[in-house]
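User: I am new to this structure and would like to learn how to read its features one by one. Please give me the general idea each time, and then the case at hand.

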Amino acid sequence: MLLVGQKYVTNPPPRQVAVEKHRNCGHTHEVNVVTVLKERKQGDKDGQGGGEVEQRHFHRAEMQSVVNQNFHAETEGDLNKLINLKLSASYTYLSLGMYFDRDDVALPKFSSFFLERSVKEREQAEKLLEYQNLRGGRILLQTIAKPSRDDWKGGLDAMTFSLDYQKTLNTCILDVHRRATSNTDPHLCDFLEQPFLTDSHETIKKLGDYIGSLTRITASETHGAMGEYLFDKHTL
């Protein structure tokens, strides 16, 4: 027998537990759904005592990590987004690397360059995952979208795409850094500056150099393909 609102209910159904996603912070919360039988008020026209079912929801927020110190919820969400972007970048560079490994393309150094970039992006995603746990954040992995392209006109086209892609990634890292600065989180700022921003700018410079060289040696309509082959052979 259960006391509900100063009235006793016989044999209440067992408690049900559901899980839902909090709209604001994105965390998973437990929702306890308690179903009880509620007696009808006196004067009910059927004169019988009870059968109405009432569901009451009690939200119990997931406990904050004990190691969470000066780690803002907005920054935590930004890191989860950046993790997804880095995994997507790794997926895209994997696609690029395998394209140049095709028998009808056969530019092995181009393939190796992009496959190495794929590994680098995945390693950076893993570092972000480890950092999220280090600071007491909660990892929320998202769906990784397929690459926007599967075919390329050649090495110059792929390098130009990669340069634009790296600039987009760099902007996303800077956005996270800016948010961390506004939330007075110097530890995260330092973490982003060393392995991420430094590597990003070095990669942008390298891609720019490659694009400059490829533009010159592939400008000739008659010898453009040979220039691309020699670039693959001797530069990458």
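This is a predicted model: local features need pLDDT of at least 70, side-chain atom pairs count only at pLDDT 80 or more; totals for chains, interfaces and linings use all residues.

User: What is the phi of Asn 70, and is Asn 70 buried, partly exposed or exposed?

Analyst: Burial is read from relative accessible area, taken with a 1.4 Å probe and protein chains only: under 20% is buried, over 50% is exposed, and what lies in between is partly exposed. Asn 70 has a positive phi of about 55°, although it is not a glycine, and its relative accessible area of 40% makes Asn 70 partly exposed. Thr 184, in the loop between helix H3 (155–182) and helix H4 (186–217), likewise is not a glycine and has a positive phi of about 55°; with 55% relative accessibility, Thr 184 counts as exposed.

User: How many helices and strands does the protein have?

Analyst: The protein has five helices and five strands, and along the sequence they follow the pattern β-β-β-β-β-α-α-α-α-α. Of its 236 residues, 37% are buried.

User: At what angle do H2 and H5 pack?

Analyst: Two packed helices are described by the angle between their axes and the distance between the axes. The axes are lines fitted to C-alpha atoms, for helices over the stretch in contact, and the angles run from 0 to 180 degrees between N-to-C directions. Helix H2 (residues 108–134) and helix H5 (residues 224–234) pack at about 55°, with their axes 7 Å apart. An angle under 35 degrees counts as roughly parallel, over 145 as roughly antiparallel, 65 to 115 as roughly perpendicular, and the rest as oblique; H2 and H5 are therefore oblique to each other.

User: Which residues of H2 meet H5?

Analyst: A contact here means heavy atoms within 4.5 Å. Pro 108, Lys 109 and Phe 110 in H2 meet Glu 228, Phe 231, Asp 232 and Lys 233 in H5. For the classes, Ala, Val, Leu, Ile, Met, Phe, Trp, Tyr, Cys and Pro count as nonpolar, Asp, Glu, Lys and Arg as charged, and the others, Gly among them, as polar. The residues of the contact of H2 with H5 divide into three nonpolar, no polar and four charged.

User: How do the axes of H1 and H3 cross?

Analyst: Their axes come within 10 Å and cross at roughly 170°, and that makes H1 roughly antiparallel to H3. By class, the contact of H1 with H3 has 14 nonpolar, five polar and four charged residues. Among the residues that meet there are Leu 82, Leu 85 and Tyr 93 in H1, and Phe 161, Tyr 165 and Leu 169 in H3.

User: How many aromatic pairs does a search of the whole structure find?

Analyst: Rings of Phe, Tyr and Trp (its six-membered ring) pair if their centres lie within 6.5 Å; planes under 30 degrees apart count as stacked, over 60 as edge-to-face and the rest as tilted. The search finds 13 aromatic pairs. One of them joins Phe 113 and Phe 114, which are edge-to-face at 5.2 Å centre to centre and 75° between the planes; both residues are buried. The rings of Phe 191 and Phe 196 have centres 5.2 Å apart and planes at 55°, so that pair is tilted. Phe 191 counts as buried at 18% relative accessibility, and Phe 196 is buried with a relative accessible area of 1%. Ring pairs also link a cluster, including Tyr 93, Phe 110, Phe 113, Phe 114, Phe 161, Tyr 165 and Phe 231.

Key. Residues are numbered from 1 along each chain as its sequence is written. Side-chain values use heavy atoms; hydrogens and water are left out. Helices (H or I, at least four residues) and strands (E, at least two) are DSSP runs, numbered from the N terminus.
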